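This report examines how parts of a protein model meet one another. Please view the sequence and the structure together while reading.

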Amino acid sequence: MIQLCFHGAESTGKSVLADKLSRELGLPWVPEYGRTYCEERGTDLTMADLLAIAEGQQAAVEAARIGDPPLLLLDTDQLMTAAWAEMLFGEVPDRLMAYPKADLYLLFSADVPWVEDGTRLFGQTRERTRFAGLAEEILVRAGVPWRRIGGNWTEREAAVHAEISALLR
């Protein structure tokens, strides 16, 4: 089974596109557990919250792996939680870097308009740019394969379709 992870700063289209492609292509996807966690508990996060989010995300991935689909879309994983840890607290616990990694990461650029949804924190240009940079830095630090996804919404969708097609060949 191939795991494809959408990665990047807030409000870059990861969740919307994962949901849409899952329905269109009949692929299972694992939503972002952190969103649910924050909707239930708020966004005043501690490091313990981030570690709990990482555990919840992993449990969701393991549940989605049942049935062994050819490709599993991950709306995020612990490497994005690591970027959150760096952004919020200036450190990344080793535990966040030790989780299993996806086969390929698609890094969504922060080059589309910001959309507030009640769980997002870094909408100011300076913060958003810093967070996007940390997201990329975490991928480099982890040594995982990744590709950048940018442009308008149509261009992003086309680029992700191309990546999925290549993975399924």
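This is a predicted model: local features need pLDDT of at least 70, side-chain atom pairs count only at pLDDT 80 or more; totals for chains, interfaces and linings use all residues.

Glu 24 is partly exposed, since its relative accessibility is 45%. Lys 20, at 28% relative accessibility, is also counted as partly exposed.

This pair has a further partner: Lys 20, Glu 24 and Glu 157 are linked in a network of salt bridges. In general, side chains of opposite charge can pair when their charged atoms come close.

## Other salt bridges

How many salt bridges does the structure hold? The number is 10, and one of them joins Arg 141 to Glu 137 at a distance of 3.0 Å from N to O. Arg 141 and Glu 137 are 4 residues apart in helix H6, which places about one helical turn between them. Arg 141 has a relative accessibility of 43% and counts as partly exposed; Glu 137 is partly exposed, with a relative accessible area of 38%.

Glu 32 forms a salt bridge with Arg 35, and the closest N and O atoms of this pair are 3.6 Å apart. Glu 32 has a relative accessible area of 22% and is therefore partly exposed. For Arg 35 the relative accessibility is 22%, which makes this residue partly exposed.

## The nonpolar cores

Nonpolar side chains tend to be buried together in soluble globular proteins. Here, the largest nonpolar core contains 36 residues. Those with the most contacts inside this core are Leu 50, Leu 74, Leu 79, Leu 96, Tyr 105, Phe 131 and Ile 138. Which elements give two or more residues to this core? They are helices H2 (33-41), H3 (47-65), H4 (78-89), H5 (94-97) and H6 (125-142), together with strands E3 (71-74) and E4 (104-108). Another core, of 14 residues, lies apart from this one and includes Ala 18, Phe 108, Ile 149 and Val 160.

When neighbours within four places in sequence are left aside, Leu 79 is in contact with His 7, Leu 96, Met 97, Lys 101, Tyr 105, Ile 138, Leu 139, Ala 142 and Val 144.

## Packing of H3 against H4

Helices H3 and H4 pack at an angle of about 170°, and their axes are 10 Å apart. The two helices are therefore roughly antiparallel, because an angle over 145 degrees falls in that class.

On the H3 side, the residues that meet H4 are Met 47, Leu 50, Ile 53, Ala 54, Gln 57 and Gln 58. Their counterparts in H4 are Gln 78, Thr 81, Trp 84, Ala 85, Leu 88 and Phe 89.

A search of the whole structure finds 0 disulfides. A disulfide requires the sulfur atoms to be within 2.5 Å.

Cys 5 has 0% relative accessibility and counts as buried. Cys 38 is buried too, with a relative accessibility of 10%, because the limit for a buried residue is under 20% relative accessible area.

Technical notes. Residues are numbered from 1 along each chain as its sequence is written. Side-chain values use heavy atoms; hydrogens and water are left out. A nonpolar core is a set of buried Ala, Val, Leu, Ile, Met, Phe, Trp, Tyr and Cys residues joined through side-chain atoms within 4.5 Å. Buried means under 20% relative accessible area, exposed over 50%, partly exposed in between (1.4 Å probe, protein chains only). Contact means heavy atoms within 4.5 Å. A salt bridge is a side-chain nitrogen of Lys or Arg within 4 Å of a carboxyl oxygen of Asp or Glu. Axes are lines fitted to C-alpha atoms, for helices over the stretch in contact, and angles run from 0 to 180 degrees between N-to-C directions. Angles under 35 degrees count as roughly parallel, over 145 as roughly antiparallel, 65 to 115 as roughly perpendicular and the rest as oblique.
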